[in-house]
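Have the structure open as you read.

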Amino acid sequence: MMKYNQWNNLLGWMCGLISTIVYILCTDKTTSWWDTGEFIASAYKLEIVHQPGAPLFLLIQNLFSNLAFGDTSKIAYMMNVGSAICSGLTIVFLFWTITALARKILSKTNPHDDLNIFKILGAGMVGALAYSFSDTFWYSAVESEVYAMSSLCTAVVFWLAMKWERRADEADSNRWIIVIAFVMGLSIGVHLLNLLSIPALTLLVYFRKSNRISWQGILKSFIGGLTLLAFILWGVIQYSVKLAAQFDLFFVNGLSLPFGTGIMTFIVLLVSLMLYGLWIAKKKNKPTLQLLLLCFAFIYFGFGSYALLVVRAQTNISLNNNIPDNVFSFLGYLSREQYQSEPLLKGPKFTSQIVGINSKTDYRKEKDGYAPIHSTSGYQYDKEVLFPRVYSEKHSEFYKQYLGLKDGEEPSFMHNMRFFFEYQINHMYTRYFLWNFVGRQNDQPAQQGYTAGNWISGISFLDEMRLPGQGNISDFFKSNPSRNTYFFMPLILGVIGFLWQWKKSKRDTAIVGLLFFFTGIAIVLYLNQTPLQPRERDYAYAGSFYVFAIWIGLGMIGLTEFLQKYSFSFSKPIAYGSLALSLLMGPMLLVKENWDDHDRSARSMSKDVAYNTLMSCDPNAILFTYMDNDTFPLWYLQEVEGVRTDVRVINYGYLQSDWYVKQMMRDMNQSKALPIGFSYEQVKKGIRDGIRVMDMGIEGYSDIDKLLAVMLSDKPEDQVKMPDGTSENILANQKWQLKVNRESVLSNLTIPEKWQSAIPEYLQWEFKQNYVSRAELSLMGILVNNNWERPIYFTSMSPNSIFMGMDKYLASEGLVYQLLPVEVGQPDIESTLVNTDKLYDHVKHTYAWGDISTISHLDTDSNFYYENWVFPKVYQQGLAALMQAGETEKAKDLALKAYDFQPEVIQTVRQAYMNSIVVDTLYKVAEVEKAKLLGNKNINALDEYLNQQLAITKKANVGFDPYVIQLGLATLDRYLEVAQQAKDEQMLASLVQMQKKYQEAWM
């Protein structure tokens, strides 16, 4: 026994150490995309992230930040290392879980047999290391996100359950269940995914404690697990806070007592009831009741990490989402009120029309009490269906195309079911599952088609059957680092492990299988995701892949026993060989295939873009952003590294919320409060949540200061009577104008000399939206009150919808647009101004980029930003403007910068198209050798991409990408034009040959 325990502990820690070392070697050196920038900034200063928060995660990451020893440039890296360590610990507990499950079965025969011990420990190594190097888990392990720590919580809980099961007959065994409850309470402060293990745990308890197993008992335990899960999700996390809020409402509004009196009363009452319940349970000898009460007490103890939010919300922190400084705003934060909820059991079709509004009463904190607010909680529809899966009106075109619906045709229940199985289950779960255990085509975002984001095996004839034209591809695509092929090996091991466990212990298989279901398919059911997600969502199902790794480990034992059937006399050599083979089929194959695209140690695009964006702004600028990836990295740089804290970064989406407007009305870091010009009282929650646009027949343009004054007025004469008898402010005219103070413009803004004579008396534009939110009110207020004293910018990736129709006055400066009062005859509907002076200066002297030409894999997020904003807005647009203006020397400098700022491999046809202007410019400025090198590199890549599409069209009528084909042919024409003008006969000959080949195929 001692021998087994020592080896079990040693090998468990060894697997964890190996994984941790690999993760640290591969981890990001700085912030990454999506939520990591916000999490790092908030963890460093203990601020408040987006709803519903992760306070325990922030506290632990704050501890890791201290390992930077004051070097702010290392803080992000140390937090990423924190995730790597949490992920390594997850592997330790996974190892011990696998060995516990294997030992439970094998100990029935000969618990002290050396061969059995070898198989148990071998299973732990195979399963734990296979999961270590699986695609999804490795991705989360090397960045400061909640999923690594959430996986650790799940691993600890299931391992503790194994500990309890083995000691369930001991007098003090319930302590393990109490520890499980405490870890679950703590996990709420990281992520809610861990709670999904509850139904599997209740089944485990039933199997272990019941003297007679029956289907009725299994059903009861399952329902009990669901009830317990629901009670914690809604009862503990939300309804306990709702009750506390109602107590405080009564004590403050009803009894005129101070704020918080009702909350303290509720807490005292809750604690008293628990203590009384424990006393009754002990007095009447009810151990089950006592255990339940203790478990809930420890869940509440763990949940107590959320006190951090309430405490920190009272302070003057920069990132303070929803400002949960009172019980009602805290409740709104927990319930994710700023996010739209998806229908689950009953809801609309995408063709349904809104026929009514469901209202609710909320409360906001005032000086002397809580004021009621009547708000919308949802909508009533003319048509609703059970189990709605195609419900999003804005995705109607996708639904119709995917399901083959004609215009006007209503989706039926069967259409909903088809979308659920084919898209939500197959595309949004099974595809991710097979990515991890069969293989992945590449990391390009996938919706349909045969060339992006599919699962593949690497077995040519099988891949060709599913994805015509993809079975025999060129080395160009085979060498893509994100193409990972496992030849079904990990999946086969997992299936063997499942079958072996099912044969040996159906009860254990049911427990593990239930956990597999709840961390996989159950999440699909709950999320009810719409199509065209902004990113791949495989990280949400990491728990499911964790469970499958248990079966991969057990597969080693199954494989050993299968082979031993045919040669019992060679049991030990077969066991050794099976372990070696399993390690090759699982961990070694996975680490070999996945290392190159999971190594983030050289990536810096996220930080580079953020830095260059901030540095593009003039002092004391106002910078509007919109999405996660143009906001969170900027917040990271300002809050952690202290870069350009004079720039006020404003997320336009958040600006629709009253709490965010309130934050913008105060100084932050070195940035002064925004000159909004109105008070928080005029736009606080429940007041002017949205203002309707009603055409009142006003001719011409209206001054926005007057429009703003009317919209913010409480006077009856400035409001319109609605059919329900209420009065509302409205926007009466969508044609706006702003008087320009020329002297202020010239003294405060850097206007190119060629435009200084084009400053008009008024800016005039048309507002296209049908409502005005707090965001528009705030921007209008800034326009009126700023008097051009602070420069106003928008990031280049901002959507046109946030420009309020001012597109024509936005001058591109590369990564940002600056609002400039310039009228040079530019069109009204788009931004065509290019400030070449600023853009050139930024590229030449300001921008600092990592060397992407040396990175073996430019990840999909970095490439997306590079391809859609950085390259076209900086280099493509800049070169076109400079060449048109005849500034050849500047164009040469810019073209040489663009030449150096190229990925190792041309990632898409669009990149090849954009590079045509670089090649053209290099020829025209006599940089012929560089033009030839870059031109041939792009032409060869173009040929590969078009040939890939041609291979598909020869074998199938679907699966090809019409956009790639059309853009590819246009790119071919563009390079032909460039080669002809440059008189490059060699390039021209190859292009003519390509043109003939593809025109014969498609034209």
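This report looks at the cysteines, then the aromatic rings, and then the charges over rings.

## Cysteines

Keep in mind that this is a predicted model. How many disulfides does a search of the whole structure find? The search finds zero. Take Cys15 as an example: the closest cysteine sulfur belongs to Cys26 and is 17 Å away, too far for a bond, because a disulfide needs two cysteine sulfur atoms within 2.5 Å.

Is Cys15 buried or exposed? Cys15 is buried, with a relative accessible area of 0%. Cys617 is buried too, at 4%.

## Aromatic pairs

The count comes to 75 aromatic pairs. One of them joins Tyr147 and Tyr539, a tilted pair with 4.8 Å from centre to centre and 50° between the planes. This pair links distant parts of the chain: Tyr147 sits in helix α7, Tyr539 sits in the loop between α21 and α22, and the two are 392 residues apart. Both Tyr147 and Tyr539 are buried.

Now turn to Phe419 and Tyr423. Their ring centres are 4.9 Å apart and their planes meet at 10°, so this pair is stacked. Both belong to helix α16, where a spacing of four residues separates them by about one helical turn. Phe419 is buried at 0% relative accessibility, and Tyr423 is buried at 1%.

## A cluster, and charges over rings

Some rings gather in one aromatic cluster, whose members include Tyr429, Trp435, Phe498 and Trp551.

Which residue lies over the face of Phe259? That is Lys365, at 4.6 Å from the ring centre. Arg466 lies over the face of Trp455, at 3.7 Å from the ring centre.

How values were computed
Residues are numbered from 1 along each chain as its sequence is written. This is a predicted model: local features need pLDDT of at least 70, side-chain atom pairs count only at pLDDT 80 or more; totals for chains, interfaces and linings use all residues. Side-chain values use heavy atoms; hydrogens and water are left out. Buried means under 20% relative accessible area, exposed over 50%, partly exposed in between (1.4 Å probe, protein chains only). Rings of Phe, Tyr and Trp (its six-membered ring) pair if their centres lie within 6.5 Å; planes under 30 degrees apart count as stacked, over 60 as edge-to-face and the rest as tilted. A charge sits over a ring if NZ of Lys or CZ of Arg is within 6 Å of the ring centre and within 35 degrees of the ring normal.
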